[in-house]
Amino acid sequence: MKASDTLEQIIPAQVFKTEVLSWAKRIGVEPKEIRLRLMKSKWASCSSNGRLTFNTEILQQPASFRSEAIVHELLHLKLPNHGKLFKNLMRAYLSQNK
Ligand SMILES: [Zn+2]
């Protein structure tokens, strides 16, 4: 399969899910389910039972943006809020990846 130039920024859903799982491993969390669906006003959400949903449009976003959204949601499996620890962990994980 050969992607055309205009589509090269769009990654397959399966590749995205693999990215999420590799981040989950690094962070040490186990999402119950990873779903993609069209969302109107946000990039992702995390339910209290460990299911993550990402906006399908994230497949068209640059890798750095995807990583940020993925790490954010996965960290919510550890921390429910956006406190200081959350922000520090976000920064720590994302700086490793660049
Ligand atoms: Zn959040």
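Good morning. A salt bridge, as the term is used here, is a side-chain nitrogen of Lys or Arg within 4 Å of a carboxyl oxygen of Asp or Glu. The structure above is a predicted model, and by this rule it contains three salt bridges.

Let me begin with Arg66 and Glu19. Their closest N and O atoms are 2.8 Å apart, and the two residues form a salt bridge. Arg66 belongs to helix α2, residues 63-75, and Glu19 to helix α1, residues 13-27, so this pair ties together parts that are 47 residues apart in sequence. Are the two partners buried or exposed? Arg66 has a relative accessibility of 7% and therefore counts as buried, whereas Glu19, at 22%, counts as partly exposed.

I turn next to Glu33, which takes part in two contacts of interest. One is with Arg35, where the closest N and O atoms lie 3.9 Å apart in a salt bridge. The other is with Arg51, whose side chain meets that of Glu33 in a salt bridge of 2.7 Å, N to O. Arg51 lies in strand β3, residues 51-55, and Glu33 in strand β1, residues 33-37, so the Arg51 pair links parts that are 18 residues apart in sequence. Through shared partners, Glu33, Arg35 and Arg51 are joined into one network. As for accessibility, Arg35 is partly exposed at 38%, Glu33 is partly exposed at 29%, and Arg51 is partly exposed at 27%.

Now to the aromatic side chains. How many aromatic pairs does the structure hold? There are two.

Phe65 lies in helix α2, and the pair ties together parts that are 22 residues apart in sequence. Trp43 counts as partly exposed at 32% relative accessibility, and Phe65 counts as partly exposed at 29%.

Finally, a contact between a charge and a ring: Arg26 lies over the face of Trp23, at 4.1 Å from the ring centre.

Thank you for your attention.

Definitions and conventions:
Residues are numbered from 1 along each chain as its sequence is written. This is a predicted model: local features need pLDDT of at least 70, side-chain atom pairs count only at pLDDT 80 or more; totals for chains, interfaces and linings use all residues. Side-chain values use heavy atoms; hydrogens and water are left out. Helices (H or I, at least four residues) and strands (E, at least two) are DSSP runs, numbered from the N terminus. Buried means under 20% relative accessible area, exposed over 50%, partly exposed in between (1.4 Å probe, protein chains only). Rings of Phe, Tyr and Trp (its six-membered ring) pair if their centres lie within 6.5 Å; planes under 30 degrees apart count as stacked, over 60 as edge-to-face and the rest as tilted. A charge sits over a ring if NZ of Lys or CZ of Arg is within 6 Å of the ring centre and within 35 degrees of the ring normal.
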